[in-house]
Amino acid sequence: MLSEALRTSFLTENRVRIVRADILRFRLPDVPYKVLGNIPFNRTAAIVRRLAQADAPPQDAYLVVQREAAERFAGGPFSRETLSSLLLKPWWQVEIARRFRRTDFDPPPSVDAVALWLARRTRPLVDRSQAADYRRFIRTRFGRDGQSIRRCLRPEFTRTQIHRLGRDLRFDPSEPPSNLIFDQWLGLFRFRMLTRP
């Protein structure tokens, strides 16, 4: 069994403790820690959510995941932003750190795999007191298929505000909301918080 082989290899290493457990049920450490893992591809979303939303999240996580899943969590510049990437990025830097060849694995997987790197930001881009507002704003405004940014934002901003925001944040209000990058969504949210009654 792999866990026993690891336990033997690290027998004299005080800083390493081998634990055989389900990461979704395992009590994460209270002290600073990092996570490295080749995780089950069908549990990627649940594992990323567990680590990112933990009371004591890791400083960094390096996870071997399916490429499509990594692109969903990383968003730009690796792919278009998604709901998943936008909900992570205020608190995490998310990158595709390495692309693997299928032959790097034994047996080779039937899909492309990459190393997804999540690094916890020391200074979050959204204050904890505004976290629920940010999540609500992104969930209600992002990804309205076939609609323009203008229509997507209209319930929150006036036409004049949308025009000005498009100029200041450099987007075309007639494009779909999926064309916006994270920095633009963050700018929209910050403006919303400043103008909220």
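**From overall contacts to local detail**

Among the contacts in the chain with a separation of 6 or more, 63% are accounted for by residues 24 or more positions apart, where contact means heavy atoms within 4.5 Å. The model is a predicted one, in which local features need pLDDT of at least 70 and side-chain atom pairs count only at pLDDT 80 or more, while totals for chains, interfaces and linings use all residues. Residues are numbered from 1 along each chain as its sequence is written, and side-chain values use heavy atoms, with hydrogens and water left out.

The chain contains 8 helices and 4 strands, these being DSSP runs numbered from the N terminus (H or I and at least four residues for helices, E and at least two for strands). Followed along the sequence, they give the pattern α-β-α-β-α-α-β-β-α-α-α-α. Taken along the principal axes, the C-alpha atoms fill a box of roughly 65 × 35 × 25 Å. Of the 197 residues in the chain, 38% are buried, a class that means under 20% relative accessible area, with exposed over 50% and partly exposed in between (1.4 Å probe, protein chains only). The accessible surface comes to about 12600 Å², and 49% of this belongs to carbon and sulfur atoms; such areas come from the Shrake-Rupley method with a 1.4 Å probe, and for residues only the protein chains shown count as cover.

The axes of helix 5 (residues 131-141) and helix 8 (residues 182-195) come within 11 Å and cross at roughly 115°, the axes being lines fitted to C-alpha atoms over the stretch in contact, with angles running from 0 to 180 degrees between N-to-C directions. On the helix 5 side the residues are Asp133, Tyr134, Phe137, Ile138 and Arg141, and these meet Phe182, Trp185, Leu188, Phe189, Arg192 and Met193 in helix 8.

Because Arg192 lies in helix 8 and Glu156 in the loop between helix 6 (149-153) and helix 7 (159-169), the pair ties together parts that are 36 residues apart in sequence. Arg192 is buried, with a relative accessible area of 18%, whereas Glu156 counts as partly exposed at 22%.

By the same rule the count comes to 17 salt bridges, and a network of them links Arg67, Glu68, Glu71, Arg102 and Asp112. Arg102 counts as partly exposed at 37% relative accessibility, as does Asp112 at 29%.

Finally, Leu6, Phe10 and Val16 form a nonpolar patch on the surface, with about 220 Å² of accessible area together. Patches are made of residues with over 30% relative accessible area and no salt bridge, like charges being joined within 9 Å and nonpolar side chains (Val, Leu, Ile, Met, Phe, Trp, Tyr) within 5 Å. Leu6 belongs to helix 1 (residues 2-9) and is partly exposed, with a relative accessible area of 40%.

Terms used
Salt bridge = Lys/Arg side-chain N within 4 Å of Asp/Glu carboxyl O.
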